[in-house]
Amino acid sequence: MGPTDFGPSETNALRAAAKRALRERMRSLRRVMPDTACAVRSRAICERLVQLPEFAQASCIVGYTSYKKEADPKTALVAAEQAGKTLGLVRIEPTGGLSIHRYCSGDPLIENEFGISEPAADAPHVAFDDISLIIVPALAVDERGQRIGYGRGFYDRLLPGLPR
């Protein structure tokens, strides 16, 4: 039986199994990565990010607070705020979606059920139309920029709803 002999349901099952295996492998690699290596990686990512023309042109940048050993966008978000850009952070809603809330350095953050710091539910929202750039976390990214997250689909549901 060759790879083209699978029907759609078998292909989807194989794809899901491959993603599960990749997620577990990447989580295992992150667990053993030294904190210093994570910090170096985060700095390098932020340095590249703030040099992008899209970053310079953006008036409203949305980010996230890092979880465990995710790349930490804090340095880029601080640079954006210092440049006078509007900042937003994501918040996981009880409905399973993400909302986006305005954020300024020093605003209080609340730890959610996953252990992720996020804005309070009553923090002012950022309108989707106002977002110029969104920084998205990833567990893994391939050479084409295709992202694999943690498997809950938060960003998979959010991104198609953004106008840009």
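Predicted model: local features only at pLDDT ≥ 70, side-chain atom pairs only at ≥ 80, totals over all residues.
Q: Why is the contact between lysine 69 and aspartate 35 called a salt bridge?
A: The cut-off is a Lys or Arg side-chain nitrogen within 4 Å of an Asp or Glu carboxyl oxygen. The closest N and O atoms of lysine 69 and aspartate 35 are 3.8 Å apart, so the pair qualifies.

Q: What makes this pair a tie between separate parts?
A: Lysine 69 sits in the loop between β1 and α4, while aspartate 35 belongs to helix α2, so parts 34 residues apart in sequence are tied together.

Q: Is lysine 69 buried or exposed, and how do you know?
A: Buried means under 20% relative accessible area. Lysine 69 has 18%, so it counts as buried.

Q: What makes glutamate 118 and arginine 91 a buried pair?
A: Glutamate 118 has a relative accessible area of 5% and arginine 91 has 14%. Both values are under 20%, so both residues are buried. The two form a salt bridge, and shared partners join Arg91, Glu93 and Glu118 into one network.

Q: How do you know that β2 and β3 pair?
A: Pairing needs at least two bridges. Here 6 bridges join the antiparallel strands, so they pair.

Definitions and conventions
Residues numbered from 1 in each chain as written. Heavy atoms only, no water. Helix = DSSP H or I, 4+ residues; strand = E, 2+ residues; numbered from the N terminus. Buried < 20%, exposed > 50% of the residue type's maximum accessible area, 1.4 Å probe, protein only.
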